[in-house]
Amino acid sequence: MNKVRLGIIGTGNKGLRLGIVGLGNMGAAHARSVLEGKIPRMELAAVCDTNPDKLEFDSQVKTFTRSEELIRSGAVDAVLIATPHYSHTTIGIDALKNGLHVLVEKPISVHKADCERLIAAHTNKRQVFAAMFNQRTDPFFQKVRKLLRSGKLGEIRRVNWIVTNWFRTEAYYASGGWRATWAGEGGGVLLNQCPHNLDLFQWIFGMPKRVRAFCTMGRYHNIEVEDDVTAYFEYANGATAVFIASTGEAPGTNRLEIAGERGRVVYENDELRFMRNEVEMSKFSRTSKQAFATPSTWDVRIPLSGHGGQHNEILCNFANAILDNAPLIAPAQEGIHSVELANAILFSSLQGKTIEFPLDAKAYERKLKQLVAGSKFKKPQKTEKSASDFAQSFR
Ligand SMILES: NC(=O)c1ccc[n+]([C@@H]2O[C@H](COP(=O)([O-])OP(=O)(O)OC[C@H]3O[C@@H](n4cnc5c(N)ncnc54)[C@H](O)[C@@H]3O)[C@@H](O)[C@H]2O)c1
């Protein structure tokens, strides 16, 4: 992330003074976006990474190896936290307590109790506190949410989401000592890749009543945490949902199927299809005189393209929220829900039983601490090649 590699001198647009903490794959990409002027009204004023090799920036960008110093430097109005997940809580609390606006990467914390601590530190509501749930900017998911809220699909009966297109190699897992360990990350696919999907899940369908889940630790990779998940949810209205995720299947699938009283919505392969029943299916079932008939349907492909502004849209929205009180796309407080879902899925699998919501945050924190303390796993050594491969694929 130095000026030679980037070929960029300067701080980006003048405006809100941003500090970025953590300049790995994600933090460096955010820094690049700001430096390239892609975020109107935002300038990169300071950066921080515990690894000094990541701090070769133009002299206008202040550099720090300790987040405490960046936060107290007076050089920034806001911080973006892009460090490994556990430290989102501690750095986030420190930044909020010192009066800064905060944008935190997903997941906002590793477990529900830490989310509660982080959210409790947001006492001054004039400080903007947002989370990087960039997939909320995707028009496909926005449309699905709108369809459900409008009632056009009727009452939801069943949801299936298969998200196995998060394929990762052993080189990926070797690319960071913290990755896929209980102590470094607090989980696997649920805490790293799936926060986006679980956030959309609760954003679209709300929180379930209970979950029974099955996770396999290191099914496809030499890791101690889950890389394969099947979760079964039940909702207050009797609807059910199955969520399947994996980082070990290729080719993977991303298929979201929602069955409601007025038909079925399917999102797959960048296509959103709505097969709408002319009448509600349960009413049809009660009133039809024929044994094998089904309701007539209209079959519509909803015309949508592209995947929205993603990370840069969240960054622009963060600046607009601070400067103009624009409503946030993803308030950080909402980030607790995806963490609670991830924790409950793991807890159910580890204990072999159904977990009721709300999750007992303290009980799960105790369980996670036991997993960390009991870990005998030795992480394979990181290779230069695996790290550079990963950076390439990330871009
Ligand atoms: N929104 C997205 O699409 C997306 C994509 C990738 C990663 N992320 C999130 O970003 C975060 C970082 O992931 P990554 O892949 O960039 O990891 P990474 O390992 O590539 O980078 C982490 C960086 O943080 C630095 N660091 C660690 N502890 C620090 C501390 N206390 N203070 C300052 N710097 C510190 C490390 O030296 C490293 O440079 C994770 O929480 C991850 O979930 C989000």
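The C-alpha centres of domain 1 and domain 2 lie 27 Å apart in this predicted model. Domain 1 comprises residues 3-135 + 311-330, and domain 2 comprises 136-309 + 336-388; these bounds come from an automatic or database domain assignment. The contact between the domains involves 22 residues from domain 1 and 26 residues from domain 2, two residues being in contact if their C-beta atoms, placed from the backbone, lie within 7 Å. On the side of domain 1 that touches domain 2, helix H5 (112-120) and helix H11 (310-324) each supply at least two residues. The largest share of that side, five residues, comes from H5. By class, the side of domain 1 that touches domain 2 has 12 nonpolar, six polar and four charged residues. Here Ala, Val, Leu, Ile, Met, Phe, Trp, Tyr, Cys and Pro count as nonpolar, Asp, Glu, Lys and Arg as charged, and the others, Gly among them, as polar.

Residues are numbered from 1 along each chain as its sequence is written. As the model is predicted, local features need pLDDT of at least 70 and side-chain atom pairs count only at pLDDT 80 or more, whereas totals for chains, interfaces and linings use all residues.

The secondary structure of the protein comes to 14 helices and 15 strands, which are DSSP runs numbered from the N terminus (helices: H or I, at least four residues; strands: E, at least two). The radius of gyration of the protein is 22 Å, close to the 21 Å given by the globule rule for 395 residues, so the protein is as compact as a globular protein of that length. This radius is taken over C-alpha atoms, and the globule rule is 2.2 Å times the number of residues to the power 0.38.

Of the 395 residues in the protein, 44% are buried, that is, have 20 or more other C-beta atoms, placed from the backbone, within 10 Å of their own. The largest nonpolar core contains 106 residues, of which Leu 18, Val 79, Val 102 and Ile 345 touch the most other members. Such a core is a set of buried Ala, Val, Leu, Ile, Met, Phe, Trp, Tyr and Cys residues joined through C-beta atoms within 7 Å. Helix H12 (residues 335-351) gives the most to this core, with eight residues.

The ligand is surrounded by 24 residues, the closest being Gly 22, Gly 24, Asn 25, Met 26 and Glu 105; a residue is near the molecule if its C-beta atom, placed from the backbone, lies within 6 Å of it. Helix H2 (residues 25-35) contributes the largest share of this shell, three residues.

Note on methods:
Buried ≥ 20, exposed ≤ 12 C-beta atoms within 10 Å, placed from the backbone.
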